[in-house]
Amino acid sequence: MTAAGLHVVFGAGQVGRELARTLAARGLQVRTVTRTRPDFVPEGVEWRGADAADPTSAAAAASGAAVVYQCLNAPYTQWPQLFPPLQSAVLAAAQDVGALLVSLENVYGYGPTGGRRMTEDLPLVATTSKGRTRAAMTAELLAASETGRVRIAIGRASDFFGAGVTQSTLGEQVFGKALAGKRADFLGDPDLPHTYSYVPDMAAGLATLGTDSRAIGQVWHLPGPTTVTTSEVLAIVGAQLGRTVSLRTVPPLVLRVLGLVNPMMREMVEMQYEFTAPFVLDTGKFVSTFGATPTSWETAVVDTLDWYRAREGSRERSTLP
């Protein structure tokens, strides 16, 4: 086991923040690293400021670490340009301090699967810009592991949702609009099976990878709620709100037209294949090895809606005279 010692989490976004909280709740020594101090640092977690893209700064922030977690991200419109240097610097930092590196990944590297279930041994044959970037970043980690430079464990998740998640498929366009009584927006076929990953389950999975030596040297699909269709998710949301949540789908042609004037829409065009065929992440390897009890859809939806309600309440209070 590798639980003892300092656990350093690079990134304090939705997943990094939850991971730091999860590790601290397990009684571990935790440090979170970001460029500027986050609005919220979990109780029992040390914060240290550093530029993760600078290898020297990253190495200093990782000093004393037994485990380093890479939970960073880059602006979506600059993802291929800005993300690889971040990972390279954190990889070098983990190597410099002799720490295990646990890296969070998405599933872009697989590319279109034609509806085939995604398992960890599926080739990384993506042809999109972001998919090729992700595959190259994975290759960098595996090469470092194979040459003995650093021990690694990779945790992959699908489209994620949960408290604080706004810029995702099940973010503002679904939960935010549903809570406001508006139609939800979706960029694909809502009646296809699609795996969604819940942030607390992702954090728990990453914590397992960082504290169980059986994870070292391998890729793992992080467990989460049962794979259902997006329409089924909306039905659960509607049941919690006490009303039907209507859905507006955006046709591919309309998305391409929007992409001409909206940089974010332009970036989403190449990833639309994820919503035109079944998109199912097989988490059997993780579950059979470590065991896991993912959050139910009902609980995950309630917790996510509670966060959106709290956010709206905060906004309303801030506008009071």
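1. Among the contacts in the chain between residues at least 6 apart in sequence, 74% join residues at least 24 apart. Please keep in mind throughout that this is a predicted model.

2. The chain has eleven helices and 13 strands. Its radius of gyration is 19 Å, close to the 20 Å that the globule rule gives for 321 residues, so the chain is as compact as a globular protein of that length. Taken along the principal axes, the C-alpha atoms of the chain fill a box of roughly 50 × 50 × 40 Å.

3. Of the 321 residues of the chain, 52% count as buried. The accessible surface of the chain comes to about 13900 Å², and 54% of this belongs to carbon and sulfur atoms.

4. The largest nonpolar core has 40 residues, and those with the most contacts inside it are Phe10, Val68 and Leu101. At least two residues of this core come from each of strand E1 (6-10), helix H2 (55-61), strand E4 (65-70), helix H3 (79-97), H4 and strand E6 (152-156). H3 gives the most to this core, with eight residues.

5. Valine 68 deserves a separate look. When its neighbours within four places in sequence are left aside, valine 68 is in contact with Val8, Phe10, Ala62, Val90, Ala94, Ala99, Leu100, Leu101 and Val102.

6. Does the length of helix H4 agree or disagree with its number of residues? At 1.5 Å a residue, the 18 residues of H4 (residues 129-146) should span 26 Å, and its end C-alpha atoms are 26 Å apart, which agrees. The buried residues of H4 are Lys130, Gly131, Thr133, Arg134, Ala135, Met137, Thr138, Leu141 and Ala144. Just after H4, glycine 148 takes a positive phi of about 80°.

7. The C-alpha atoms of arginine 37 and valine 199, which are 162 residues apart along the chain, are separated by 21 Å.

Note on methods. Residues numbered from 1 in each chain as written. Predicted model: local features only at pLDDT ≥ 70, side-chain atom pairs only at ≥ 80, totals over all residues. Heavy atoms only, no water. Helix = DSSP H or I, 4+ residues; strand = E, 2+ residues; numbered from the N terminus. Expected span 1.5 Å × (residues − 1). Buried < 20%, exposed > 50% of the residue type's maximum accessible area, 1.4 Å probe, protein only. Core = buried A, V, L, I, M, F, W, Y, C linked by side-chain atoms within 4.5 Å. Contact = heavy atoms within 4.5 Å. Rg over C-alpha atoms; globule rule 2.2 N^0.38 Å. Areas by Shrake-Rupley, 256 points an atom, 1.4 Å probe, with all protein chains shown as cover.
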